[in-house]
Amino acid sequence: MTVWNLGSINADFVYSVPHIPEPGETLGSTGRKLYLGGKGANMSVAAARAGATVRHIGAVGEDGRWAIDRLRDYGVGTKDIAVIDVETAQAIIMVDPQGENAIILHHGANFAIPFHRVQAALSHARPDDWLVAQNETTLQTETLALGKERGLRIAYAAAPFSARAVQDVLPLLDFLILNDVEARQLQAATGQAPSDLPVADVIVTRGGDGATWFGAEGPVEIAPVPVTPVDTTGAGDTFTGYVLAGLDLGQGMADALSLASRAGALMVTRHGTSDVIPTLEEVRAFRP
C-alpha cells in the first residue's frame, strides 16, 4: 500500500547553544547546521526508511528545490510537491547540551499548498492506503475528508498542538497520536480522556517514559528504550513515521509501536532532523 502525507517541508537552521535563552537575552551559538526538516518531511523520511511506499503532498518555494531533491534521495515520492511563488518554510531551532530544544517556525509555503494539487494526488490513492497530516500545513480538514471519501485510513499527528485543529478532524480519524501534555490539553477542551475519543487507535507518547496505546484491547503500555539524548528534535516524527510504516506493511499495532520506540530512541542520540533519521537496518541493529 502507500502512505500519503500532507506534510510540511522546512529548512531547519539548528543552532547549538549553552542553554535555551531567557526573554530579552542575547546568546551566542557554538555551532550552526542546515537540515531538511518539518514534521511532515520528517515523517515521510521515517516511513520511507522503515520500508513503506511514501508519497509526500506539500509545497516549497523556488528556494526549496533542494528539499525536493533531498526527499527523493531518501526514498520519498515527490511528484505531488508543488513549487510555488512563496518562500520555503523555515525553522529556527536552538538545542542545548542536554538535548532540549526551542523552535520558531515561519510557515511560508506550508500555508499555501494548492488544493488542486492535493486533489490530483489523492486521485491516485487506493482504498486502505494511509493518509496522514500534522498541524504545520493548511488544508488539513479538507484533505482528510477527501481521503475519507476515497476509503483511505486516516491518521493525524496533533502537533504543533491546537485543540481546535484536533476537534475539526476528530470525526475523520482512525489513528491519533499526541504526547501526554497534548492529551491533557485535548481532554480539557473536549472533556474526553484518550480512551473515550471516537478514534479506533490513540497513541499517547511520553518521551523517555514510553507510550500508551488506547485501542480495542484497552490501554497497552509500550516500554521506553533507555538512551542518553543529545537532540530530541524530530524524535516524535520518527516514531510516528515508523508506526504508520509498520501498520502499512501489515504489522500489528504492538509490534509497530515497539519498532517505532527503538527508532525514536536511536534518533535522539543524533543531531539533526530528516537527514539523520535512522534506517530500518540501523534500528534493528540498535543495542541501547
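Trainee: Where in the chain is Leu139 found?

Mentor: Leu139 is found in the loop between β8 and α4 (140-149). Helices (H or I, at least four residues) and strands (E, at least two) are DSSP runs, numbered from the N terminus. This is a predicted model, in which local features need pLDDT of at least 70 and side-chain atom pairs count only at pLDDT 80 or more, while totals for chains, interfaces and linings use all residues. Residues are numbered from 1 along each chain as its sequence is written, and side-chain values use heavy atoms, with hydrogens and water left out.

Trainee: What is the phi of Leu139 near, and is Leu139 buried or exposed?

Mentor: Phi of Leu139 is near 70 degrees, a positive value in a residue other than glycine. Leu139 is buried, at a relative accessible area of 17%. Buried means under 20% relative accessible area, exposed over 50%, and partly exposed in between (1.4 Å probe, protein chains only).

Trainee: And what about Asp128: where is its place?

Mentor: Asp128 belongs to the loop between α3 (115-122) and β8. Its phi is also positive, near 80 degrees, in a residue other than glycine. Asp128 is partly exposed, with a relative accessible area of 45%.

Trainee: Which residues does a cis peptide bond join?

Mentor: The cis bond joins Ala159 and Pro160, with omega about -10 degrees. Pro160 lies in the loop between β9 (153-157) and α5 (163-169).

Trainee: Changing topic, how many helices and strands are in the chain?

Mentor: The chain has 9 helices and 13 strands. Its radius of gyration is 18 Å, close to the 19 Å that the globule rule gives for 288 residues, so the chain is as compact as a globular protein of that length. The radius is taken over C-alpha atoms, and the rule is 2.2 Å times the number of residues to the power 0.38. Of the 288 residues, 55% count as buried.

Trainee: Which residues have the most contacts inside the largest nonpolar core?

Mentor: They are Phe175, Ile203 and Tyr242, in a core of 52 residues. Helix α8 (residues 253-267) gives the most to this core, with 9 residues. Apart from it lies another core, of 36 residues, among them Ala125, Ile154, Val169 and Val204. A nonpolar core is a set of buried Ala, Val, Leu, Ile, Met, Phe, Trp, Tyr and Cys residues joined through side-chain atoms within 4.5 Å.

Trainee: How many aromatic pairs does a search of the whole structure find?

Mentor: The search finds 1 aromatic pair. Trp130 and Phe175 form it edge-to-face, 6.0 Å centre to centre with 80 degrees between the planes. Rings of Phe, Tyr and Trp (its six-membered ring) pair if their centres lie within 6.5 Å; planes under 30 degrees apart count as stacked, over 60 as edge-to-face and the rest as tilted. The pair links distant parts of the chain, as Trp130 is in strand β8 (residues 130-134) and Phe175 in strand β10 (residues 175-179), 45 residues apart. Trp130 is buried at 6% relative accessible area, and Phe175 is buried at 1%.

Trainee: Which residues does Thr238 touch?

Mentor: Not counting residues up to four places away in sequence, Thr238 touches Ala46, Ala263, Gly264, Met267, Ile277 and Pro278. Contact means heavy atoms within 4.5 Å. Thr238 lies in helix α7 (residues 235-248) and is buried at 0% relative accessibility.
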